[in-house]
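Please keep the structure open while reading.

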There are 2 protein chains.
Amino acid sequence: MKIGILGGGQLGRMFMQNAINYPYTIGFLEPDAEASCSIFKNSFTVGDFKDYTSVLNFGKDKDVISIEIENVNVEALKELRNQGKKIIPSPECLELIKDKGLQKEFYKENHLPSSDFYTVQNRNELLNHPQLKYPFVQKLRVGGYDGKGVQIIKNAEDLQQVWDEPSVIENVVPIKKELSVIISRNENGESCVFDVVEMVFDETLNLVDYLLSPAEIDDKIKNVAKDISIKVIEALNTPGIFCVELFLLEDDSVIINEIAPRVHNSGHPTIEANSSSQYDQMLRVLANLPLGDVCIRECSAMVNVIGDPKQEGEAEYVGIEDLISLPQTYLHLYGKRITKPGRKMGHVTVLGKNKEEIVEKINFIKSKFKVIAQ
Amino acid sequence: MKIGILGGGQLGRMFMQNAINYPYTIGFLEPDAEASCSIFKNSFTVGDFKDYTSVLNFGKDKDVISIEIENVNVEALKELRNQGKKIIPSPECLELIKDKGLQKEFYKENHLPSSDFYTVQNRNELLNHPQLKYPFVQKLRVGGYDGKGVQIIKNAEDLQQVWDEPSVIENVVPIKKELSVIISRNENGESCVFDVVEMVFDETLNLVDYLLSPAEIDDKIKNVAKDISIKVIEALNTPGIFCVELFLLEDDSVIINEIAPRVHNSGHPTIEANSSSQYDQMLRVLANLPLGDVCIRECSAMVNVIGDPKQEGEAEYVGIEDLISLPQTYLHLYGKRITKPGRKMGHVTVLGKNKEEIVEKINFIKSKFKVIAQ
């Protein structure tokens, strides 16, 4: 079986670290010749996954085509499907998720809980919209990721920073916690749900600050979060691996923030903390294998390794001895030669018996370990 | 830091699967252009690790040079050490271990328990040796591995199959169990001992049939096995990662069978069963990092995936769905295109709460999963 992945960054690299244990041939299509997956010989094609012809050519000798980034040429995937290839997730699912406006409509149509919204074509339409009230969230319909393309407009003074692009406008909701559920589904409709994880964000860089698994929430809320996630995936009606990002509100209700139709940053701890990781689930989905079990072995927490906000150049890692001396602590660097302000260079997962133990390790790591330019 | 590894087979591949998480540059020297490590671009040099010039050229831009096979050019490693490179393990350790005669002398000199022996230069010397008595074990002094180069001569009728090469001759000892200890040691003399594992052999192919971790033996015997292993490594007086293979005799005494100065087949289950695997320990030793902890998470067992004894050709794996449907079951194929009778194509590790659970899984796997030629 030949599997093709559009994108060849760190998600592809972590997928491949596990996937080479199986008897399948895997290839990545990626424009950056130095990307994280470029270390895999005969598995790395330099090319643009946004370009129709590049994707078509890449896919022609593959049996299954999937993604590790959403922002791909969907028309080419439709044509490849016409040629008899399996596309996972479906091109329609990708179309839906690439456009945050369609994504919101989809929740509404399927009675899936999400915050109220309206869409606008441009700045002018927004400023004159009858439903305009402060504060609100502006999300670009296409192209946003990792918190980019999302901003909160607090009051009329902030209006100058409004983007002049097609956007989703949402009310600001009273968020108690950000939750995340990784869920896989194979062609037989069998699905496998990971336990709910919880995120704490760094407000400056808007990247995950640290991630706690399992989330510290009532079982009742956990079940609600899992149920919503299962309903989302059933409504999407495609095999794949997904991350359903959720908000727990002050009134303990749970609503959907957004979906990623792929492995996700918040699933990194599953590599060590679960019996089958999100990357292993992805492989199983693509090869249409039984999904197996994804039980949690221990509590875990994860921090991203982020480029120093003031440095750019050849990456150097400081404090690796301190980090490595901690028990059950796992460094994952993504093989990026150059560090830039805020660039995700890797992550660290820690396991432990309880929250206190792992948060103590996380704090120690944050104080000792960093990436700088040489 | 640039790390060079002599050999690029499956042990190197599993090392690399973990090592790419760290910020070091790694290269392999390997004569087979299709070997397991050949998938790693810019990290794979085709060349003969037995050849002086090849090893010298390979090592000249490296900071640390190590091995994943013993059978390498030691003179070149000595020269590289003269040039200021770190060689792990030391060339002297490799010389000692490559020659089973020197290895046995070393145990004797260091008062380390091992079976009685004498050495002979050839068949003639053996047949006329005053200590000759049946049954005995003949081991080639150099070149044996994976059970090859070892035979038992039961009686005078077997004498025709005696090898005409420099050999170690040992008495046959009454073996109750075969045990194995993986142990790492860094430059600071810090060492880290994995729990004792136990092996059951397939008498036909003389390869590990299944491996059980931890071994089912008294704590007292475990401690003896670990103590002997620590003493061996201290006597070798070099950083490295080692496998000390031991025999538990009928009288419950423990003796050394032999040492491998590298990661080892019997350490494969540490990938999933221990908080830091033998491959992670190897990386830590080479980068002179703290060794961390290697605590066991759960019981484990491992079977090799061996080429069908009657088939040769492009490998095909039968029963992968059955295997994958078992919880906490991990397939590791080595990326070998061609299966041959008895060839190690991969391994499967299973985790579980107790021996009954994991042995049941192992038996199921053996009945369902196999490698054949297409």
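## A strand in chain A

A:Thr119 has A:Val168, in strand 9 of chain A, as its bridge partner. The model is predicted.

Strand 9 (residues 167–171) of chain A has 4 of its 5 residues buried, so the rest of the structure largely encloses it.

## An open sheet in chain B

In chain B, 3 strands form an open sheet in the order 19-17-21, with antiparallel pairing. Strand 19 (338–339) and strand 21 (370–373) of chain B are the edges, and each pairs on one side only.

Strand 17 (residues 313–318) of chain B is joined to strand 19 of chain B by 2 bridges. In one of these, B:Gly313 meets B:Thr339.

## Where the chains meet

Chain B and chain A each bring 32 residues to the contact. The buried area is about 3000 Å², and carbon and sulfur atoms give 55% of it. B:Asn21, B:Arg297 and B:Ile324 supply 20% of the area that chain B buries against chain A, more than any other three residues.

How many salt bridges are counted between chain B and chain A? The count is 0. Polar contacts are found across this interface, in 20 residue pairs.

On the side of chain B that touches chain A, helix 1 (10–19), helix 10 (320–325) and strand 18 (329–333) of chain B each give two or more residues. Strand 18 of chain B gives the most, with 5 residues. This side divides into 16 nonpolar, 9 polar and 7 charged residues.

Conventions:
Residues are numbered from 1 along each chain as its sequence is written. Chains are lettered from A and ligands numbered from 1 in the order in which they are written. This is a predicted model: local features need pLDDT of at least 70, side-chain atom pairs count only at pLDDT 80 or more; totals for chains, interfaces and linings use all residues. Side-chain values use heavy atoms; hydrogens and water are left out. Two strands pair if DSSP finds at least two bridges between them. Buried means under 20% relative accessible area, exposed over 50%, partly exposed in between (1.4 Å probe, protein chains only). Contact means heavy atoms within 4.5 Å. Buried area is the accessible area (1.4 Å probe) that two parts lose on being put together, summed over both. A salt bridge is a side-chain nitrogen of Lys or Arg within 4 Å of a carboxyl oxygen of Asp or Glu. A polar contact is a pair of N or O atoms within 3.5 Å; within protein, one must be able to donate a hydrogen and the other to accept it, and residues adjacent in sequence count only if both atoms are side-chain atoms. Ala, Val, Leu, Ile, Met, Phe, Trp, Tyr, Cys and Pro count as nonpolar, Asp, Glu, Lys and Arg as charged, and the others, Gly among them, as polar.
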